[in-house]
Amino acid sequence: MLVEQISAFLENKPGRFAFISKVLGENGINMHAFTVSESAKFGIAHIIVDNPQRANSILLENNIGVHVSKVVRLDISDRPGEMSKILKLLADNNISVEYMYAYADANNAHVFLRTDNLELADSILSKL
């Protein structure tokens with residue numbers, strides 16, 4: 001299924017992601033999943049929250065560069081080889097994965113994928 005994620009642009013200095021998590025928490029926004037990547041001068045936090053549009057407004061009000069975009073959410077069995085099957089299916093359909101992140105609970109893995117063709121990826125993966 002397609003879900004909205006927040007992408008926040010951060011200066012590469014201590015406390016920036018701490019500030020984002022504090023601001024979101026103080027405003028009742030729950031972060032369900034996230035990944036943070038960095039380069040020499042900046043970082044990008046991709047965050048799945050319970051209210052992306054409100055989170056977007058709150059972060060903009062706090063001078064955080066932010067963008068709302070879609071990613072594919074996929075819930076799969078947390079077993080060896082499951083992710084390999086998904087990635088092969090995407091590759092067989094000429095879909096490139098730009099980035100992904102995941103977390104697991106007691107029963108499943110929850111994967112968030114940004115691809116070069118979100119609609120096709122979602123259509124293919126929703127049939128699993």
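Two strands count as paired here if DSSP finds at least two bridges between them. Strands themselves are DSSP runs of E with at least two residues, while helices are runs of H or I with at least four, both numbered from the N terminus.

With that in hand, let's look at the model. It is a predicted one, where local features need pLDDT of at least 70, side-chain atom pairs count only at pLDDT 80 or more, and totals for chains, interfaces and linings use all residues. Residues are numbered from 1 along each chain as its sequence is written, and side-chain values use heavy atoms, with hydrogens and water left out.

The protein chain holds 4 helices and 6 strands, and along the sequence they come in the order β-α-β-β-α-β-α-β-β-α. A hairpin of 3 residues links S2 to S3, and Val36 has Ala45 in S3 as its bridge partner.

Now for the whole chain. The C-alpha trace spans about 40 × 30 × 25 Å along its principal axes. Of the 128 residues, 38% are buried, meaning under 20% relative accessible area with a 1.4 Å probe, protein chains only. Among contacts (heavy atoms within 4.5 Å) with a separation of 6 or more, 66% join residues 24 or more positions apart.

As for charge, there are 12 positive and 15 negative side chains, and the centres of the two sets sit 2 Å apart. Lys and Arg count as positive and Asp and Glu as negative, leaving out His and the chain ends.

How values were computed
Buried means under 20% relative accessible area, exposed over 50%, partly exposed in between (1.4 Å probe, protein chains only). The place of a charge is taken as NZ of Lys, CZ of Arg, CG of Asp or CD of Glu.
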